[in-house]
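My entries follow in the order in which I looked things up.

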Amino acid sequence: ARKIIIDTDPGQDDALAILLALASPELEVVGITAVAGNVPLALTEKNARKICELAGRPDTPVFAGAERPLLRDLVTAEHVHGRTGLDGPDLPEPRMALQEQCAVDFIVETLMAHDEDEITLCPLGPLTNIALALIREPRIAPRIREIVLMGGGFFEGGNVTPAAEFNIYVDPHAAEVVLRSGVPIVMMPLDVTHKALTTRKRVEALRDIGTPVCLAAAMLLDFFERFDEEKYGTDGGPLHDPCVIAYLLQPDLFRGRTCNVTVETGSELTMGMTVMDWWRVTERPQNALVMRDIDADGFFALLTERLARL
Ligand code: BDR
Ligand code: CA
């Protein structure tokens, strides 16, 4: 199985991504590292443990990392995810313990202890933990097989400001560190995730399976989609983070292009904007495979089939 570390700020869509990974035998989740993002760290690390227990996998080690972005103040998203970050179902308080080791140390140690090309990083929130690990121990960069992340918005613009997507906006400096690291990067931006809508039909298909995990997942999505439905009148909300895990399982669900991506860190107006050289008009290094399209029906079929296994 392919070994992955999920770095996350759950978040209903993060929760679905974690469930998808834990349900998939092709992947081995060696650890889950929590970061501040959608809600503060004390909630994201607890939410990660709640989801491991929901999946019946309390053996998955969960670590807490950065409490705040590298340089900026923390911005959260309770207006989307609710006060707890996981509003929707009433999940019990977790009984599994939080690991004592800091998430950043865990990432560094795990990479140094494994062969090159063994560990894939899957960031689903602000990139603070990943950047801190790269800064603390630069020798990890060549040891990372790949970073597959959810973040950015190109043709779609932003979802937290007109220019910026939430994960990149919250810690644009960390995003710059990651994008300049030389590690192979696959990006799932809003251009992809806004095509992966949790329509009524798709959520009902999940609910119809009737298992405790699928019922809880449907309740998470019911809460999550109300934001986009009320604000934009869409049928369902964008299921961002599970796209990262789906890519590892079935890369042919996605289409994109390799090009240069940089992040704006100098202007308040466009802070956290991802700038992509789609037409390769510069000589800047092609540092990311940026996805633009998804087979959304195939994606939801995969998600539903996998969650039914838990
Ligand atoms: C990203 O921001 C968070 O609210 C979601 O969990 C996702 O990772 C989308 O912009
Ligand atoms: Ca997230």
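**Entry 1: Leu19 and the core**

I started with Leu19. Setting aside neighbours within four places in sequence, I found Leu19 in contact with Ile51, Ala55, Val213, Ala217, Leu307 and Leu310. I then looked up the largest nonpolar core, which has 97 residues. Leu19 is among the members that touch the most others, along with Ile18, Leu20, Ala21, Ala217 and Val244.

**Entry 2: confidence**

I noted that this is a predicted model. The chain averages a pLDDT of 97, and 100% of the residues score at least 70. For the complex, the predictor gives an ipTM of 0.99 and a pTM of 0.97.

**Entry 3: the ligand**

Next I listed what surrounds ligand 1. I found 15 residues there, the closest being Gly11, Asp13, Ala77, Phe166 and His240. The elements that give two or more residues to this shell are α1, residues 12-22, and α6, residues 166-170. I sorted the shell by class and got five nonpolar, six polar and four charged residues.

Gly11 needed a second look. I placed Gly11 in the loop between β1 and α1. The peptide bond that joins Pro10 and Gly11 is cis, with omega about -5 degrees.

**Entry 4: strand β6**

I turned to the strands and took β6, residues 185-188. Are its faces covered or open? Both are covered: Ile185 and Met187 are buried on one side, and Val186 and Met188 are buried on the other.

I then looked up the pairing of β6. Strand β5, residues 144-150, runs parallel to β6 and is joined to it by four bridges. β6 also pairs with β10, residues 288-294, in the parallel sense over three bridges. I followed Met187 through both pairings. Met187 is the bridge partner of Leu149, and the bridge partner of Met187 in β10 is Val290.

**Entry 5: Met276**

Not counting residues up to four places away in sequence, Met276 touches Phe154, Cys259, Val261 and Val290. I count Met276 as buried because 20 other C-beta atoms lie within 10 Å. I also took one distance: the C-alpha atoms of Met276 and Thr258 are separated by 9.8 Å, with the two residues 18 apart along the chain.

**Entry 6: helix α5**

I checked burial along helix α5, residues 128-136, and found seven of its nine residues buried. These are Thr128, Asn129, Ile130, Ala131, Leu132, Ala133 and Leu134. I asked what the buried residues of α5 pack against. The elements are β1 (2-8), β2 (27-34), α4 (103-113), β4 (119-123) and α7 (172-179).

**Entry 7: Lys3**

From β1 I picked Lys3. Lys3 has 15 C-beta neighbours inside 10 Å, so I count this residue as partly exposed. Leaving aside neighbours within four places in sequence, I found Lys3 in contact with Glu28, Val30, Glu118, Ile119 and Thr120. I also looked up its distance to Leu86, 83 residues away along the chain: the C-alpha atoms are separated by 26 Å.

**Entry 8: positive phi**

Last, I looked at backbone angles. Asp117 has a phi near 70 degrees, a positive value in a residue other than glycine. I placed Asp117 in the loop between α4 and β4. Is Asp117 buried or exposed? I count Asp117 as exposed, because there are 12 C-beta neighbours inside 10 Å.

Arg280 is not a glycine either, and I noted a positive phi of about 50 degrees for this residue. Arg280 is found in the loop between β9, residues 274-276, and β10. I count Arg280 as exposed, because this residue has 12 C-beta neighbours inside 10 Å.

Notes: Residues are numbered from 1 along each chain as its sequence is written. Chains are lettered from A and ligands numbered from 1 in the order in which they are written. This is a predicted model: local features need pLDDT of at least 70, side-chain atom pairs count only at pLDDT 80 or more; totals for chains, interfaces and linings use all residues. pLDDT is the predictor's confidence in each residue, from 0 to 100. Two strands pair if DSSP finds at least two bridges between them. A residue is near a molecule or strand if its C-beta atom, placed from the backbone, lies within 6 Å of it. Ala, Val, Leu, Ile, Met, Phe, Trp, Tyr, Cys and Pro count as nonpolar, Asp, Glu, Lys and Arg as charged, and the others, Gly among them, as polar. A nonpolar core is a set of buried Ala, Val, Leu, Ile, Met, Phe, Trp, Tyr and Cys residues joined through C-beta atoms within 7 Å. Two residues are in contact if their C-beta atoms, placed from the backbone, lie within 7 Å.
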